[in-house]
Amino acid sequence: MRAGSEISPKDLRRAFPARKADAHKGDFGHVLVVAGSRGLGGAAALCARAALRGGAGLVTAALPESVQPVVAAAVPECMTLPLAENAGGGLRTESVARILALHRSRAFTALALGPGLGTHPDTARAVVAVLGSLPVPAVVDADALNLLALQPREAVHSLLERRGAPCLLTPHPGEAARLLRTRAAEVQSDRRRAAASLAEGFGCVCLLKGHRSVATDGETFWTNPSGNPGLAKGGSGDALTGLAAALLAQHPEPSSTEGVLECAALAAWLHGLAADYAVREKTARCLLASDVIEAFPHAFRKAGL
C-alpha cells in the first residue's frame, strides 16, 4: 500500500480476491447494522441495503420496534432484530443485552453504528454500551458520532482503545467539528490536519467526508478523487457507512489498522465512483442515495472486484 496518494483500486483490490466457485454466504461476513429511530427508518434501510450491495454475505439490522417493519419491507434480504424503544423512538439501553445475545449465536464480523439513531440520552448510553461490549470492527457514523461528541474526549478514546477491535469514524465536517470542539470552517481549512487529529485523538482510522474525502490513521493519508455534487443529499453518508462495513466484513485482516484504512479508502472511492456513474442519468440535482447504491455494481466492476 502506497503512502500519501490518491486512492486507486489497484492499490486496494489485493485484499479482496475473486470469489471461489464453491463460496457460500458465510465466507463474506455478517454485518450488524445498529441504526434507526422513529421517523428515521430510511437511514437504517439505506445502510443495510448498501451493506448487501457492497458484498456482505449476511446483514442483520437491530432497530427500534417501530422501525423494524419499515426496514423489513424496504430491504427483504436483510434480517431484522426489533428492539424496545425509548420515549423518543430510539434504542433503549436495555436493548443492548439482546444485541449481544444475538452476536453470540450469529457471530457478527462488522458493525455499522449510527445512521438515524437520534440523540436521546438513553440512546447515547446504548451507543456507548454497544461499542464497549461488541468486539468487532466498527464503522461509526452520524448520530453515533454526535452522541460520542457529548462525552469527554479522554473517555471516548479509552472506550475505543479497550473494546478489542478497531473503529472507523466517518464524520462529515460538521460532525468532525463537534468531535474536535471546533467549527466546521476550521475543519475545512485544513482537512488533512483535522482528519489526523481525529485519528490520533481517538486511536482510530478516520474518513473525513466531503469533496476529496481524506482517509487516514494519522500517519498514512489517502485522498479520494471520485464523486460529484450529487452526493450532497441526505442518505449519502448512510450508504457509505453500509458499504464500508461490508468491506470490513469481507477483508481478510479487518482487525489491523492497515486493513481498516484499506476499507475506508476503497469505500470512499467506490461510493464516489458509483455516484459518478449514476449522475450521468439522474443529474446532480436529482441524484438520490438509493441511485448511488444501485450503481455500486458499475463501480465494483471498474475496480475489478
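Modeller: The chain holds 14 helices and 10 strands, where helices (H or I, at least four residues) and strands (E, at least two) are DSSP runs numbered from the N terminus. This is a predicted model, in which local features need pLDDT of at least 70 and side-chain atom pairs count only at pLDDT 80 or more, while totals for chains, interfaces and linings use all residues. Residues are numbered from 1 along each chain as its sequence is written, and side-chain values use heavy atoms, with hydrogens and water left out.

Colleague: Why is α4 called roughly parallel to α5?

Modeller: The axes of α4 (residues 96-106) and α5 (residues 121-133) cross at roughly 25° and come within 10 Å. Angles under 35 degrees count as roughly parallel, so α4 is roughly parallel to α5.

Colleague: What makes up the contact of α4 with α5?

Modeller: Val96, Ile99 and Leu100 in α4 meet Ala126, Ala129, Val130 and Ser133 in α5, contact meaning heavy atoms within 4.5 Å. The residues of this contact divide into 6 nonpolar, 1 polar and no charged. Ala, Val, Leu and Ile are among those that count as nonpolar.

Colleague: How does the radius of gyration of the chain compare with that of a compact globule?

Modeller: For 305 residues, a compact globule would have a radius of gyration near 19 Å; the chain has 17 Å, which agrees. The globule rule is 2.2 Å times the number of residues to the power 0.38, and the radius is taken over C-alpha atoms.

Colleague: What share of the residues counts as buried?

Modeller: Of the 305 residues, 58% count as buried, meaning under 20% relative accessible area with a 1.4 Å probe.

Notes
Axes are lines fitted to C-alpha atoms, for helices over the stretch in contact, and angles run from 0 to 180 degrees between N-to-C directions. Angles under 35 degrees count as roughly parallel, over 145 as roughly antiparallel, 65 to 115 as roughly perpendicular and the rest as oblique. Buried means under 20% relative accessible area, exposed over 50%, partly exposed in between (1.4 Å probe, protein chains only).
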